Amino acid sequence: MRSSAMTARVVGSRLRRDKGSVDEGDVMSQQSVRQAARRSALDARAVRRKERADRERRLEALAVAVLTALGERDALVRDAERRAAEALQTMTDDEGLSMREVAEWCGGVALTVREVTRLRQLAHHPPSGSGR
């Protein structure tokens, strides 16, 4: 019995030692897996952060393009309305036409008495700035 007890102790000792070394290897491999997963997650976050920054730069540039175009449009509209107002003022003041007659001369449908009145007011009180 003694020899079988000794054999059991030796085998048990080797199993514990082998098991301990397997545990250390498992721990090391688990740490490596965790580190690789962390690196992968950080890399993915960096890619998403760069994509968001690139998108934000594109959107900012597009917003500037939109606002620039609208500002240019508004300037053109103000200039066209100023010229129309000057012509309408000449028609009423110098030619003596009434607002209704001006509207009729200008097609009636395209230019109503209300619009003639609004445009004539521009001649007397031009808008400043963007007109918004």
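Me: How many helices and strands does the chain have?
Reply: Helices (H or I, at least four residues) and strands (E, at least two) are DSSP runs, numbered from the N terminus. By that rule, the secondary structure comes to three helices and zero strands. From the N terminus on, the elements run α-α-α.

A word on the model: it is predicted, so local features need pLDDT of at least 70, side-chain atom pairs count only at pLDDT 80 or more, and totals for chains, interfaces and linings use all residues. Residues are numbered from 1 along each chain as its sequence is written, and side-chain values use heavy atoms, with hydrogens and water left out.

Me: What percentage of the 132 residues counts as buried?
Reply: Buried means under 20% relative accessible area, exposed means over 50%, and partly exposed lies in between (1.4 Å probe, protein chains only). Of the 132 residues of the chain, the buried share is 10%.

Me: Which residues does L111 touch, not counting residues up to four places away in sequence?
Reply: Contact means heavy atoms within 4.5 Å. L111 is itself a member of the largest nonpolar core. With residues up to four places away not counted, L111 touches L88, A103, C106, V116 and L119.

Me: How many salt bridges does a search of the whole structure find?
Reply: Side chains of opposite charge can pair when their charged atoms come close. A salt bridge is a side-chain nitrogen of Lys or Arg within 4 Å of a carboxyl oxygen of Asp or Glu. Across the whole structure, the search finds nine.

Me: Where do D54 and K50 lie?
Reply: The side chains of D54 and K50 meet in a salt bridge (2.8 Å, N to O). D54 is partly exposed because its relative accessibility is 22%, while K50, at 52%, counts as exposed. The two are four residues apart, about one turn of the helix, and both lie in helix α1.

Me: How far apart are the closest N and O atoms of E81 and R118?
Reply: E81 and R118 form a salt bridge. This pair links distant parts of the chain, with E81 in helix α1 and R118 in helix α3, 37 residues apart. The closest N and O atoms are 2.6 Å apart.

Me: Is R120 buried or exposed?
Reply: R120 has its place in helix α3, and its side chain meets that of D93 in a salt bridge (3.3 Å, N to O). Leaving aside neighbours within four places in sequence, R120 is in contact with L88, Q89, T92, D93 and M99. Because its relative accessibility is 14%, R120 counts as buried.

Me: What is the C-alpha to C-alpha distance between R120 and L88?
Reply: In sequence, R120 and L88 are 32 residues apart. In space, C-alpha to C-alpha, they are apart by 6.4 Å.

Methods: A nonpolar core is a set of buried Ala, Val, Leu, Ile, Met, Phe, Trp, Tyr and Cys residues joined through side-chain atoms within 4.5 Å.
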